[in-house]
Amino acid sequence: MIWTRKDLLGLEDLSAEEITLILDTAASLKEISERTVKKVPALRGKTVVMFFVEPSTRTRTSFELAAKRLSADTLSITASASSLQKGESLKDTVKNIEAMKVDALVIRHSSSGAPHMLAKALSPSIINAGDGSHEHPTQALLDIFTIREKKSKIKGLNVSLIGDIMHSRVARSNIWALTKLGANVTVCAPATLMPPGIEKLGIKVTTNLKEAIKGADVLNVLRIQMERQKDKFFPSIREYTMKFGVDLEKLKEAKKDVLIMHPGPINRGIELTPEVADGKYSVILEQVTNGIAVRMAVLFLLLGKKK
Ligand code: CP
């Protein structure tokens, strides 16, 4: 399998073979971050720009470290310090960055489809670092990389995604990729946070947390995205936590080797109690570590053979 795409915009369009190629490449690059000198010359001479129009800790830092560990030059632009503030359009701003001969642009934007629009208009590789409620492909890839590392397979595993499914780009990217790789996916949320028709994606849908926990190999617990909720989707945080928050008591129903995942940032005490977030089942910080390997793989596949 040879990588041929210019951009990484989402996992909906990728084949199982392409997803597996990214995971396998990440597996071979992971040990670079364990070395004393954490650097290889693979992308020497390439320039990668991080352009985040929404806040980020993990994704931006991780892409920047991934690019640096492959010896690419990097720079970061934040919306608040860019000419977007003066009324320049996103396309004009990015066309000016393109004119400075950069090789890749990692973009996060609150509008679904923003990276897709840029990918059509521009020659640098565009990497979607999260677009609105649409997709967050590298988050799902690092989630799946972590599951595969822990369980040695994806096919046949029972993976439950719990929380704000409606507004979650992480959920969408996970559903696309996990179903392509043969996992059995369940989504669990209050009915008001469940997108209508989501069962058509070939997944199980429930509003009962007990059902989502029982028999699951993985619980990927999602953040409540207050910033994307214009309406009140549940009566109170307290009620949400009682019904959908994961605590040690509710985990008594879980498999003994269940993995607890969360893409971060965690609303501690709401989606997960601290005992669960930091407990023996949690692989949350391993997800963060694996994010670097996965993003190194994406940059390497997109830019490694580019003249
Ligand atoms: N998971 C994730 O996208 O985290 P950040 O918002 O910190 O990048």
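The model is a predicted one, so local features need pLDDT of at least 70 and side-chain atom pairs count only at pLDDT 80 or more, while totals for chains, interfaces and linings use all residues. Residues are numbered from 1 along each chain as its sequence is written, and side-chain values use heavy atoms, with hydrogens and water left out.

Let's start in the middle of things, with the nonpolar cores. A nonpolar core is a set of buried Ala, Val, Leu, Ile, Met, Phe, Trp, Tyr and Cys residues joined through side-chain atoms within 4.5 Å, and buried means under 20% relative accessible area with a 1.4 Å probe, protein chains only. The largest core has 89 residues, and Val48, Leu141, Ile165, Leu219 and Leu299 touch the most other members. Helix α10 (residues 284-303) gives this core its largest share, 11 residues. Helices here are DSSP runs (H or I, at least four residues), numbered from the N terminus. Apart from this core lies another, of 15 residues, including Leu105 and Leu122.

Now for the helices. Two packed helices are described by the angle between their axes and the distance between the axes. The axes are lines fitted to C-alpha atoms over the stretch in contact, and angles run from 0 to 180 degrees between N-to-C directions; contact means heavy atoms within 4.5 Å.

Take helix α5 (residues 137-151) first: α5 and α10 pack at about 115°, with axes 8 Å apart. They are therefore roughly perpendicular (65 to 115 degrees). Among the residues making the contact are Leu141 and Phe145 of α5 and Val294 and Val298 of α10. The contact of α5 with α10 divides into five nonpolar, six polar and five charged residues. In this count Ala, Val, Leu, Ile, Met, Phe, Trp, Tyr, Cys and Pro are nonpolar, Asp, Glu, Lys and Arg are charged, and the others, Gly among them, are polar.

Helix α1 (residues 16-29) also packs on α5, at an angle of about 65° with axes 10 Å apart, so α1 and α5 are roughly perpendicular too. Here Leu141 of α5 turns up again, in a contact that includes Ile19 and Leu23 of α1. By class, this contact has eight nonpolar, one polar and two charged residues.

Finally, back to α10: its axis and that of helix α2 (residues 58-69) come within 8 Å and cross at roughly 55°. That makes α2 oblique to α10. Leu299 of α10 is one of the residues in the contact, as is Phe63 of α2.

Notes: Buried means under 20% relative accessible area, exposed over 50%, partly exposed in between (1.4 Å probe, protein chains only). Helices (H or I, at least four residues) and strands (E, at least two) are DSSP runs, numbered from the N terminus. Angles under 35 degrees count as roughly parallel, over 145 as roughly antiparallel, 65 to 115 as roughly perpendicular and the rest as oblique.
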